[in-house]
Amino acid sequence: MSNNSSIAPDVADQIVTEYTDRIIIATFASVMAFGLVLPYAITITRFRLWHSSPILEKIPQVISSPLAHALSIGVGLVAVFPQSDSLYSIWLVILALIFDNVQAISKQSLLERTADRMSREYVFLYNCVIIGTVVIKTDRRSDFYHPLVALWCLLVLKFLERLVNYKIGDRSYGIKNTNIVASYMEREHLLSHDGFNPQTMEGYKYLVMGEEKVPWNIKHPSYNLDHEDSNEIVTLERVWACNNRFLNPTVDKDNRIKDVCLSFALFKLIRRRFFGFPASESKEPKTKQFVFEGLLSRPGKAEDVFRVIKTEIGFLRDFFYTQYPIAFALGFPVFSVLMLIVMCAISISISAKAFRYEESFQNEIPMSKTIKDVDHRITNGLLVIIIMTQILEVFSYTFSDWMKTTMISRHVRSKIQGTIPVIDQILGLLTKFTFNNNLRNTIGQYSLLKSYNKGGCKRVPNNFIYRMTCTMVLTRMPEGLQEDKEIFLPIEVKSAVFDALKISKGDFTDRLAPLRRNKVPEEDVRWLESDTTLKDRPIHTIMVWHIATSLCEIRPLMNQPIIEHTNDWTTWFAKSLPGCLRKKGTLDEHVLNYHMLVASSLSKYCAYLVAFAPELLPTTPYLAKKTFERIVSETSDFFDNEDRPTTQYEKVMKDIPQIDENGEKIIDMGTKLGRYLMEKIPDDARRWKVMADVWADLILYVAPKGHTSGHLQKLANGGEFITHLWALLYHAGIVVSVSDECGSFT
């Protein structure tokens with residue numbers, strides 16, 4: 001008789017019940033693991049801007065609470081299971097560790113609301129306690145008892161480490177630290193007794209690190225916040241004066257390593273803006289010289305300046321939206337590295353024990369062997385997940401800009417002299433490599449003449465994940481809001497804007513200055529400044545110049561047969577601007593291509609800001625929205641919904657009267673300006689240079705006047721080019737007070 005037939009009915013029922021419970025727990029663990037990996041992957045890829053799906057962005061927020069409740073249910077399932085089988089308890093602890101990692105990257109930040117943070121920590125503490133009771137009840141003779149205790153200890157230590165780091169991180173980077181930096185900058189200029197040099201940073205005692213480690217007291221008779229001299233405080237001046245080891249010019253040839261500390265110091269300054277502190281140094285001559293005679297005077301100024309500001313904005317984004325300020329509260333997060341090492345050792349032990357555990361069931365009935373095989377696979381799968389998340393955490397810390405700043409600051413404080421070539425080269429490479437490229441290097445584009453009569457859904461990115469989610473739920477956009485495909489930010493645009501900044505010295509009050517520099521008769525264009533519709537209204541000015549620039553884009557292709565009978569604006573511009581840029585010819589052609597690229601890119605980008613990001617411009621978002629809707633309606637009436645670029649161009653050139661100074665519609669003024677530019681400036685290269693200079697000045701004029709809260713919201717999605725300009729002008733002392741920002745952004 002077989003073994004199966006000899007089993008008593010009550011025993012058989014007990015076995016079936018036990019197997020059913022095992023299947024339920026295995027299914028629960030698998031589903032829970034998938035539910036944790038999904039938000040983790042979404043958050044990681046979202047932060048690195050690998051996708052921009054708003055649906056995916058909401059998933060971690062939506063499933064966070066159900067996952068927390070599911071974990072508590074899992075504790076109950078395991079608690080009622082036979083105590084000798086502690087493998088399932090190990091699953092529970094691993095799931096709790098993975099859940100903590102998911103919560104850390106998706107929710108944890110220094111500025112998280114106290115109520116939200118306390119609620120999250122309470123849930124985690126509750127799970128720790130309940131899991132602890134399961135561990136205590138586990139049979140100590142079990143092979144998995146010691147790994148289980150080790151994992152639970154890691155869970156508790158991680159909880160305690162986070163509490164300590166949050167407390168220290170709040171002291172190092174929170175509101176108190178921002179207050180100290182603001183008070184320090186009120187008198188920083190008084191500390192430079194021997195003058196200042198913006199190229200060598202001599203006299204620039206901007207704080208990099210260490211101010212939280214020294215006592216700050218009010219001193220008589222000035223009653224200013226002051227501190228004793230301390231080696232702990234690292235300033236820009238000290239960093240630039242340190243030329244040994246990996247900061248030696250032979251290793252750091254282009255100051256890329258030191259520039260990370262420069263970006264961090266600037267981040268601490270602009271952080272004041274978000275807490276309402278004034279830029280006390282803005283009136284000091286050294287502040288303006290820092291940008292105009294320092295940053296903008298570098299040999300490769302466009303890329304160098306943009307890299308410095310981009311890194312600064314990256315620190316700002318990390319500060320508001322990630323756990324980096326908490327993780328680096330005590331310097332490099334050594335605990336994460338130690339946890340990875342311990343996790344690897346524990347995982348090897350658990351995997352080996354699970355394999356032997358499975359082998360011990362070789363003589364059992366087939367169902368038992370199958371279940372144990374599934375248990376082994378699930379165990380290994382969970383171990384791989386927790387190790388991979390830990391590796392990603394350590395990797396992101398090691399190659400982050402926060403790590404570089406910490407390493408450089410410690411080196412500046414040290415007394416080590418001389419060089420060790422091999423080690424210095426390795427450290428130099430480590431500090432130059434960046435894992436977190438978390439800011440957009442693209443600019444949005446919008447063309448009014450192309451999209452004024454088009455509604456429908458927002459442009460869908462060429463992204464599989466986006467198409468599989470957002471396209472199923474997108475609602476119809478208002479008429480005229482069809483965004484063009486974004487483009488990579490051209491180096492030509494950066495150079496043109498920075499050149500305009502250097503020429504203007506930060507004074508953009510004269511709106512006709514770029515026209516005057518290009519010898520455009522002032523009497524012909526004075527209406528651009530005196531017209532009541534345009535005066536002190538940058539939004540209107542942007543749209544007038546955008547319409548004129550769009551018309552100038554059409555002109556070069558009017559005689560091309562392939563375009564004459566098409567109404568496809570995508571084909572039109574593909575044959576226009578990029579076609580010109582591919583030409584290889586004379587110097588004049590290259591000059592034309594350069595200015596055409598600058599003017600066209602900035603024209604569409606500024607129009608994109610009006611249509612899709614008005615909170616970054618000097619106006620109230622609601623007013624900008626209503627103004628834009630009116631401009632779209634007037635454009636539709638003007639062109640009678642005509643799609644073909646050729647017909648639009650012919651209508652402008654034939655039917656529009658000469659420019660006068662009467663207040664008119666935006667579309668009328670835009671077409672008049674476009675006709676004037678084409679008729680009065682027949683030389684293509686000169687005409688495009690005029691427009692390129694105007695656009696460079698115009699974006700610099702509006703950049704410092706946007707809403708601070710608007711910049712903060714855009715940072716969550718990778719930031720905008722205008723945010724970089726806003727930050728650069730802030731450090732040049734070109735600051736609009738928060739109270740002067742146009743309206744409030746909500």
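The structure is a predicted model, where local features need pLDDT of at least 70 and side-chain atom pairs count only at pLDDT 80 or more, while totals for chains, interfaces and linings use all residues. Residues are numbered from 1 along each chain as its sequence is written, and side-chain values use heavy atoms, with hydrogens and water left out.

Let us begin with the whole protein. There are 31 helices and 6 strands. Of the 746 residues, 56% are buried. Buried means under 20% relative accessible area, exposed means over 50%, and partly exposed lies in between, using a 1.4 Å probe and protein chains only. A contact means heavy atoms within 4.5 Å. Among contacts between residues at least 6 apart in sequence, 80% join residues at least 24 apart.

Now find helix 31, residues 721-731. Because 11 of its 11 residues are buried, helix 31 is largely enclosed by the rest of the structure. Its buried residues include F721, W726 and Y730. Just after helix 31 comes G733, which takes a positive phi of about 85 degrees.

Next, look at strand 5, residues 442-445. In a regular strand, side chains alternate between the two faces of the sheet. Here T442 and G444 point one way, I443 and Q445 point the other way, and all are buried. Strand 5 pairs with strand 6 (residues 484-488) in the antiparallel sense over 3 bridges; to count as a pair, two strands need at least two bridges found by DSSP. Opposite T442 you will find F488 of strand 6.

Charged side chains are our next stop. A salt bridge is a side-chain nitrogen of Lys or Arg within 4 Å of a carboxyl oxygen of Asp or Glu, and a search of the whole structure finds 29 of them. One joins K604 and E553, whose closest N and O atoms are 2.8 Å apart. K604 lies in helix 25 (residues 587-612) and E553 in helix 22 (residues 538-554), so the pair ties together parts that are 51 residues apart in sequence. Both K604 and E553 are buried.

Another salt bridge links E629 with K626, at 3.4 Å between the closest N and O atoms. These two residues are 3 apart in helix 26 (residues 621-639), which puts about one helical turn between them. E629 is partly exposed, with a relative accessible area of 33%, and K626 is also partly exposed, at 39%.

Salt bridges can also be linked, and D100, R120, E121, K158 and R162 form such a network. Within that group, the side chains of E121 and R120 meet at 3.9 Å, N to O. E121 is buried, with a relative accessible area of 7%, and R120 is buried at 11%.

Of the 18 residues that line the largest cavity, Q108, E161, Q323, E393 and Y397 are the closest to its centre. Helix 5 gives the most to this lining, with 4 residues.

Finally, here are some single residues to look up. Y321 is found in helix 10 (residues 301-321) and is partly exposed, at 33% relative accessibility. Y321 and L715 are 394 residues apart in sequence, and their C-alpha atoms are 8.8 Å apart in space. N255 has a positive phi of about 65 degrees although it is not a glycine, and it sits in the loop between helix 7 (236-241) and helix 8 (256-270). K519, also not a glycine, has a positive phi of about 60 degrees. K519 is in the loop between helix 19 (513-517) and helix 20 (522-525), and it is exposed, with a relative accessible area of 68%.

How values were computed: 1 Å grid on protein atoms, 1.4 Å probe; cavity = no way out; pocket = protein on both sides within 12 Å on 5 of 7 lines; lining within 4 Å.
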